[in-house]
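Subject: Structure handover

Hello,

Here is the structure you are taking over. My notes follow below it.

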Amino acid sequence: MSDDIAQISKYIASATLAPIQAGQYSRARVLVEVGDRGKYLGKPGENGAATVGSTLVSVLANLTGLNRRDVANSLEFSSRVAIKEVGEPNEHTAEYWAAFTKSITQIGWFRQSDQWSSDFINGSTAGAENFSDYVIENVRSDPLYSDAEKELVIQALTSLRSQAEKRAFFRRFTAGGNKGSYGVNTATVTNGALAMRFSAFAFNCSAVVDDYLTCSIKNITADVRKNNVDVAANQRTIDSIRNQIEARLDEAAGDFIESVEI
């Protein structure tokens with residue numbers, strides 16, 4: 001085992017993963033049925049989508065089954081680590097997303113770009129009906145994503161809004177009264193390498209918001225922090241730690257992942 005992989009293995013073994021109370025879905029039951037988390041992201045050769053904690057991940061058709069498994073494992077592991085690290089008061093803030101990205105880059109992904117920005121929403125003049133419309137317009141104009149990735153993210157977010165039970169599952173991770181946050185993520189294979197690009201949005205609002213996908217923003221103002229991140233997989237490392245990541249996730253309580261029909 002190389003020194004780098006030994007260090008990553010030590011980090012995985014020592015990380016504390018946040019549990020969550022079981023909700024409408026039984027992760028353990030579903031995992032027995034489907035075999036691995038990657039199957040939540042659809043079949044190889046097809047576009048797919050799932051929510052993993054507060055991230056809506058969309059994967060392009062060129063991901064293999066093993067690619068999908070690695071994406072799902074990495075997102076769930078880093079989500080659990082970040083929640084535990086920042087604590088409940090900061091779960092819907094920029095601090096959470098900084099911890100999330102830090103964890104991703106400690107389990108076999110290397111950072112290619114990482115950029116923060118700030119914005120302000122005035123609901124009466126924003127031109128967006130709700131928070132997800134705001135996110136969609138952001139993604140539509142964001143050079144981080146290819147046209148195919150933009151189309152898939154928008155399709156997944158639009159579909160999730162119409163799936164009431166799965167939207168309720170996602171809300172458990174994204175809504176915290178007047179603070180809310182979620183990320184949109186794409187995964188693809190470029191020149192043979194697995195890569196993820198994601199945008200995280202943290203909203204600090206002038207009023208309590210029940211659902212950060214569908215609630216109207218007409219009478220709300222909000223400070224927004226956005227984080228754009230581009231990471232690529234070191235596949236040799238991820239292959240080496242896959243079983244250890246899954247063993248740690250299997251020890252954790254609660255449901256973090258659910259498929260989204262697109």
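Predicted model: local features only at pLDDT ≥ 70, side-chain atom pairs only at ≥ 80, totals over all residues.

Which elements do the buried residues of helix 5 pack against? They pack against strand 3 (109-122), helix 6 (147-161), strand 5, strand 6 and strand 7.

Residues are numbered from 1 along each chain as its sequence is written, and side-chain values use heavy atoms, with hydrogens and water left out.

Helices (H or I, at least four residues) and strands (E, at least two) are DSSP runs, numbered from the N terminus. Contact means heavy atoms within 4.5 Å. Buried means under 20% relative accessible area, exposed over 50%, and partly exposed in between (1.4 Å probe, protein chains only).

**Helix 5**

Helix 5 covers residues 131-140. Seven of its ten residues are buried, so helix 5 is largely enclosed by the rest of the structure. The buried residues are F131, S132, Y134, V135, I136, N138 and V139.

Two strands count as paired if DSSP finds at least two bridges between them. Strand 1 (residues 48-52) and strand 2 run antiparallel, joined by five bridges. G48 has V59 of strand 2 as its bridge partner. The hairpin of strand 1 and strand 2 has two residues between the strands, and G53 there takes a positive phi near 60°.

Strand 2 also pairs with strand 5 (residues 179-190). These two run parallel, again with five bridges. S58 stands opposite T186 in strand 5.

Strand 2 spans residues 55-59. Five of its five residues are buried, so strand 2 is largely enclosed by the rest of the structure. In a regular strand the side chains alternate between the two faces of the sheet. In strand 2, T55, V57 and V59 point one way, and L56 and S58 the other way. All of them are buried.

**Strands 3, 6 and 7**

Strand 7 pairs with strand 3 in the antiparallel sense, over 13 bridges. F110 has A232 of strand 7 as its bridge partner. Strand 6 and strand 7 run antiparallel too, joined by eleven bridges. Here S199 is the bridge partner of N228 in strand 7. Ten of the 13 residues of strand 7 are buried, so strand 7 is largely enclosed by the rest of the structure.

S206 lies in the loop between strand 6 (193-205) and strand 7 (221-233). S206 has a relative accessible area of 48%, so it is partly exposed. S206 touches N219, I220 and T221, not counting residues up to four places away in sequence. S206 and A232 are 26 residues apart along the chain, and their C-alpha atoms are separated by 37 Å.

Axes are lines fitted to C-alpha atoms, for helices over the stretch in contact, and angles run from 0 to 180 degrees between N-to-C directions. Angles under 35 degrees count as roughly parallel, over 145 as roughly antiparallel, 65 to 115 as roughly perpendicular and the rest as oblique. A crossing is left-handed if the near helix is turned anticlockwise from the far one by less than a right angle, and right-handed if clockwise.

Take helix 8 to begin with. The axes of helix 3 (residues 65-86) and helix 8 (residues 235-251) come within 10 Å and cross at roughly 55°. The two are therefore oblique to each other. Helix 3 passes helix 8 in a left-handed crossing. The contact divides into five nonpolar, four polar and seven charged residues. (Ala, Val, Leu, Ile, Met, Phe, Trp, Tyr, Cys and Pro count as nonpolar, Asp, Glu, Lys and Arg as charged, and the others, Gly among them, as polar.)

Now helix 4. Helix 3 and helix 4 pack at an angle of about 135°, with their axes 8 Å apart. They are therefore oblique to each other. Helix 3 passes helix 4 in a right-handed crossing. Among the contact residues are L75, F77, V81 and A82 of helix 3 and Y96, A99 and F100 of helix 4. By class, this contact has ten nonpolar, four polar and two charged residues.

**T101**

T101 is found in helix 4 (residues 94-104). T101 counts as buried, at 1% relative accessibility. T101 touches R111, D114, F198, N227 and V229, not counting residues up to four places away in sequence.

Best wishes
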